[in-house]
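Please consult the sequence and the coordinates alongside the text.

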Amino acid sequence: LLFVLHYCSALHRSDAFKTVKASKTSFLAALDPTTSSLIAGSIAGAIGVGVSYPLDSIKTKSQAYASSQGRSPGMVETISRVLSDEGIKGFYQGVAGVMCGQAFIKAVAFWANAFAIETLHRLSISAVPSNEGAPFLSTLILAGCFSGFITSFICNPVERIKVLMQAGTMAPSYSHYSVYH
C-alpha cells in the first residue's frame, strides 16, 4: 500500500499532469497532492467497503451465530440463514455508517501519507541538495508509519461500531441505521 500511495503521489507531481491542456484538466489534477490524496482516499474507502461488506458481514454473522449456538456454521449455512432471516439487506446491515467511517479513515490515511512524504522530502532536499528526484525509501517508510499512527486512533471505534451493527447487537435506538433506512 505504501508503494501504491507513493506511486500515485509521484504520478500526480509528474510532467504528465503538466502537459494536459487547461480546458481538459481534471478536478484532482488541479489540486495540490495532499488535497487530491484526501479526496482520493475518501472515495477509495467508500468503494472498498461497498465491495467487501457482504463478505465481512458473513464472517461477523457466522461468529455471532457461533457464540449463540456453541458451534460455528459454515459459509453456505450462514449465507442461507441470512437470506432466509433477513433477506439481501442482511448482508448490508449498517453499511452506510461504515462507508462514511472508512471514507474518513482512508481520507486521513492518504492525507497523512501525502503530507508526510511532502514534508520529509522537502527536509531531505534541504539537507541533501542533490536529492531533487523521488523521495528516499526511508522517507516512504516514515510517511507510512506516520499515516498508520494517525489513523490508528480512528480505526478502533469505527470497527467496533461496524461489528455491532453487523451482528445486530446495537442498542435499539441506533439499530435503525442501515443502507435501507
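## Burial of S37

S37 is classed as buried, because its relative accessibility is 12% and buried means under 20%. In this predicted model, S37 lies in helix 3. Leaving aside residues up to four places away in sequence, S37 is in contact with F110, W111 and A114.

## Overall architecture

The protein contains six helices and zero strands. Along the sequence, the order of elements reads α-α-α-α-α-α.

Of the 181 residues, 34% count as buried. Among the contacts with a separation of 6 or more, 66% are made by residues 24 or more positions apart.

## Packing of helix 3 against helix 4

Two packed helices are described by the angle between their axes and by the distance between those axes. For helix 3 (residues 33-69) and helix 4 (residues 75-86), the angle is about 90° and the axes are 10 Å apart. Helix 3 is therefore roughly perpendicular to helix 4, since angles of 65 to 115 degrees fall in that class.

Which residues of helix 3 and helix 4 meet? Helix 3 contributes I58, K61, S62, Y65 and Q69, while helix 4 contributes M75, T78, I79, R81, V82 and E86. By residue class, this contact of helix 3 with helix 4 divides into five nonpolar, three polar and three charged residues.

## M165 in helix 6

M165 belongs to helix 6, which spans residues 137-167. Is M165 buried or exposed? M165 is buried, because its relative accessible area is 9% and the cut-off for burial is under 20%.

M165 and V95 are 70 residues apart along the chain, and their C-alpha atoms are separated by 8.6 Å.

## Cysteines and disulfides

A disulfide is a covalent bond between the sulfur atoms of two cysteines. How many disulfides does a search of the whole structure find? The search finds zero disulfides.

The accessibility of two cysteines can be stated individually. C100 counts as exposed because its relative accessibility is 57%, and the exposed class begins over 50%. C155, at 27% relative accessibility, counts as partly exposed, because that value lies between the limits of under 20% for buried and over 50% for exposed.

Notes:
Residues numbered from 1 in each chain as written. Predicted model: local features only at pLDDT ≥ 70, side-chain atom pairs only at ≥ 80, totals over all residues. Heavy atoms only, no water. Axes fitted to C-alpha atoms, helices over the stretch in contact; angles between N-to-C directions. Helix = DSSP H or I, 4+ residues; strand = E, 2+ residues; numbered from the N terminus. Parallel < 35°, antiparallel > 145°, perpendicular 65-115°, else oblique. Contact = heavy atoms within 4.5 Å. Nonpolar A, V, L, I, M, F, W, Y, C, P; charged D, E, K, R; others polar. Buried < 20%, exposed > 50% of the residue type's maximum accessible area, 1.4 Å probe, protein only. Disulfide = S-S within 2.5 Å.
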